[in-house]
Amino acid sequence: MSQRNKENKDFDKKMMHRCLELAKKASGFTAPNPMVGAVIVKDGRIIAEGYHQYFGGPHAEIEAINKAQEDLKGAHIYVNLEPCSYYGKTPPCSLAIIRHGFARVVIATLDPNPQIAGNGAKSIQQAGIEVDIGVLEKEALKLNEKFFHFITHKTPFIALKTATSIDGKIATSTGESQWITNEKSRAFVHSLRQDYSAILVGSQTAIKDNPRLTVRNISPAKHPIRIVIDTHLKTPAHYHVFNENAPVIIACSQDIKEDKVAELKAKEHITVLRCPLKEGKIDLNYVFRELGKKDIDSILVEGGSEINFNILKNNLAHKIYAFIAPLIIGGHNSKSAFAGEGFQKLSDSPRLSAVSYHHFNDDLLMEGYF
């Protein structure tokens, strides 16, 4: 590779890194749309930037175009996702790029949305504009992993969050669990909640811990939808999880009598989802399909050991955030992160891939994919 070509490639990567930085600013606010950043360059200078700030708002390309203070003819635009090519909540970005006479469009990855799926890049190319695809593709795919899963499968991207001792315990034999991890780890969990559309717990967690399941100490904060898996509707209606800070979906058995759900259904922010049972438990496959229909693209599971294992057993988890604190609980009656019957063979046990590690003071976070 010539020195000139290397410099050009390095410059493209630098601009795409900036696109990803911009896109991340809207984390938690664009779902079920993706996070997208755009950078406009002319004569080797950045002349405008933009990002998709909230669902239904202007797309990144339009934000950047509108901020430009000089003629865009002959400019290059960098974007981490293929420009749209159809009329949705906003006009097609591909038409705006063509109309302004850009000379080159650099795209990290194509959009799997069937309404786009290469058509945006193709229409731009057919207009005589140079199109380069694949710059920092891996990074761009990771940034919008929830979107790519949801748009392809129409079910939410599911991530488990566990917080355990070194020996894998989430509570002592007396049920004490607050707090196993340190304050820095817990602060990071609030940023995770911000990143996901919904947060899910089982009824045991909702009753025992009485959690709020909201985002705290982050501004601006966007509280996730709270989902409670409660087969027999045992969670008291006055508990924190049912407060009006955020919407609530409670999944219960379809056999629950109407008079038992009347108090919950009377509150506008609460939705009761009646579900079929599978082996005596709420059918989580059904739950996740129904939540997908409500455009819930991602769920962070902060449930207990029963919910965690049920999700694993049914191959419904895509990712895990496993926090490990430097303490040992021990005991036959202390609680593990995963209960149920367990996996009888190591060959049947889920094994993580693409594992990464992060430190929060003395706590360790293992992040990986199923």
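Let me begin at helix α10, where D283 caps the N-terminal end, one of its side-chain oxygens lying 3.1 Å from the backbone nitrogen of N285; a polar contact here is a pair of N or O atoms within 3.5 Å, and within protein one must be able to donate a hydrogen and the other to accept it, while residues adjacent in sequence count only if both atoms are side-chain atoms. This is a predicted model, in which local features need pLDDT of at least 70 and side-chain atom pairs count only at pLDDT 80 or more, whereas totals for chains, interfaces and linings use all residues. Residues are numbered from 1 along each chain as its sequence is written, and side-chain values use heavy atoms, with hydrogens and water left out.

Helices (H or I, at least four residues) and strands (E, at least two) are DSSP runs, numbered from the N terminus. Within α10, residues 284–293, the buried ones are L284, V287, F288, E290, L291 and G292, buried meaning under 20% relative accessible area with a 1.4 Å probe, protein chains only. After α10 comes D295, with a positive phi near 65 degrees.

Turning to the sheet, five strands form an open, mixed arrangement in the order β2-β1-β3-β4-β5, where two strands pair if DSSP finds at least two bridges between them. Because β2 (45–51) and β5 (130–133) each have a single partner strand, one side of each is left without a neighbour in the sheet.

Further in, β1 (residues 37–42) and β3 (residues 76–79) pair in the antiparallel sense over four bridges, and I40 has I77 in β3 as its bridge partner.

Notes:
Buried < 20%, exposed > 50% of the residue type's maximum accessible area, 1.4 Å probe, protein only.
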